[in-house]
Amino acid sequence: MWFTPESDALAYEAPGHHGMRMRRIQGKEVSPLPDLWSACLDLEPGGHVEPKGSPAGKLYLLTQGEVWFRGGAQEVVMHPGDSVFVPPNEEREFKEAAGQKARLYLVMLERFPPL
């Protein structure tokens, strides 16, 4: 078993991510998961991610706050307990939507079968 206490999650940065604290919680340098990794994303009021696609599939789960999210041509406002899956190469962007902190959990699927 690989256990990651929140206090030990490894901070990282990514281009195009603004007003947010990102911490890797599993995979990559944290645990031996070759095809996926996960992170905790804490968005400050106004925190956002610029539009971009990538070859990985992305699963987001909101646990706190509200987040406006666009994947491809579809837009939603996420509330705690809501989730979004963005397939590989689909452009996505999101931003904190209520003027308060928000928390998203992300699972990145590095190898994903074609849809």
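Y60 stands opposite V84 in β7. Strand β4 (residues 57-64) and β7 pair in the antiparallel sense over four bridges. Strands here are DSSP runs of E of at least two residues, numbered from the N terminus; two strands pair if DSSP finds at least two bridges between them. The model is predicted: local features need pLDDT of at least 70, side-chain atom pairs count only at pLDDT 80 or more, and totals for chains, interfaces and linings use all residues. Residues are numbered from 1 along each chain as its sequence is written, and side-chain values use heavy atoms, with hydrogens and water left out.

Strand β7 shows alternating side chains. V84 and V86 point to one face and are buried. Burial is defined by relative accessible area: buried is under 20%, exposed is over 50%, and partly exposed lies in between (1.4 Å probe, protein chains only). In a regular strand the side chains alternate between the two faces of the sheet.

The structure holds four aromatic pairs. Y60 and F94 form one of them, an edge-to-face pair with 5.3 Å centre to centre and 65 degrees between the planes. This pair links distant parts of the chain, with Y60 in strand β4 and F94 in strand β8, 34 residues apart. Y60 is buried because its relative accessible area is 2%. F94 is buried because its relative accessible area is 1%. F69 and F94 form a stacked pair, 5.3 Å centre to centre with 5 degrees between the planes. Here too distant parts of the chain are linked: F69 lies in strand β5 and F94 in strand β8, 25 residues apart. F69 counts as buried because its relative accessibility is 2%. Y60, F69 and F94 form one aromatic cluster. Rings of Phe, Tyr and Trp (its six-membered ring) pair if their centres lie within 6.5 Å; planes under 30 degrees apart count as stacked, over 60 as edge-to-face and the rest as tilted.

Charged side chains were examined next. The structure holds nine salt bridges. A salt bridge requires a side-chain nitrogen of Lys or Arg within 4 Å of a carboxyl oxygen of Asp or Glu. E6 bridges to R23, with the closest N and O atoms 3.5 Å apart. E6 lies in the segment before β1 (10-12) and R23 in strand β2, so the pair links distant parts of the chain, 17 residues apart. E6 is partly exposed, with a relative accessible area of 47%. R23 is buried, at 1%. R23 also forms a salt bridge with D42, the closest N and O atoms being 2.5 Å apart. R23 lies in strand β2 and D42 in strand β3, so this pair ties together parts that are 19 residues apart in sequence. D42 is buried, with a relative accessible area of 14%.

R70 and E93 meet in a further salt bridge (2.8 Å, N to O). R70 is in strand β5 (residues 67-71) and E93 in strand β8; the pair links distant parts of the chain, 23 residues apart. Both R70 and E93 are buried. Salt bridges that share partners join E6, R23, D42 and R103 into one network.

E96 is placed in strand β8 (residues 92-96). E96 is buried yet has no salt bridge. The nearest side chain of opposite charge, K95, is 9.1 Å away. For charge, Lys and Arg count as positive and Asp and Glu as negative; His and the chain ends are not counted. A polar atom of the E96 side chain lies 2.5 Å from the backbone nitrogen of A98. Not counting residues up to four places away in sequence, E96 touches L43, E44, P45, G46, G47, E66 and A102. Contact means heavy atoms within 4.5 Å.

M22 lies in strand β2 (residues 17-26). M22 counts as buried because its relative accessibility is 4%. M22 and A11 are 11 residues apart in sequence and 5.7 Å apart in space, C-alpha to C-alpha. Phi of K28 is near 45 degrees, a positive value in a residue other than glycine. Phi of N89, also not glycine, is positive and near 70 degrees. Most residues other than glycine have a negative phi. K28 is found in the loop between β2 and β3 (36-52) and counts as partly exposed, at 48% relative accessibility. N89 is in the loop between β7 (83-86) and β8 and counts as exposed, at 59%.

Terms used
Polar contact = N/O pair within 3.5 Å; in protein donor to acceptor, adjacent residues only side chain to side chain.
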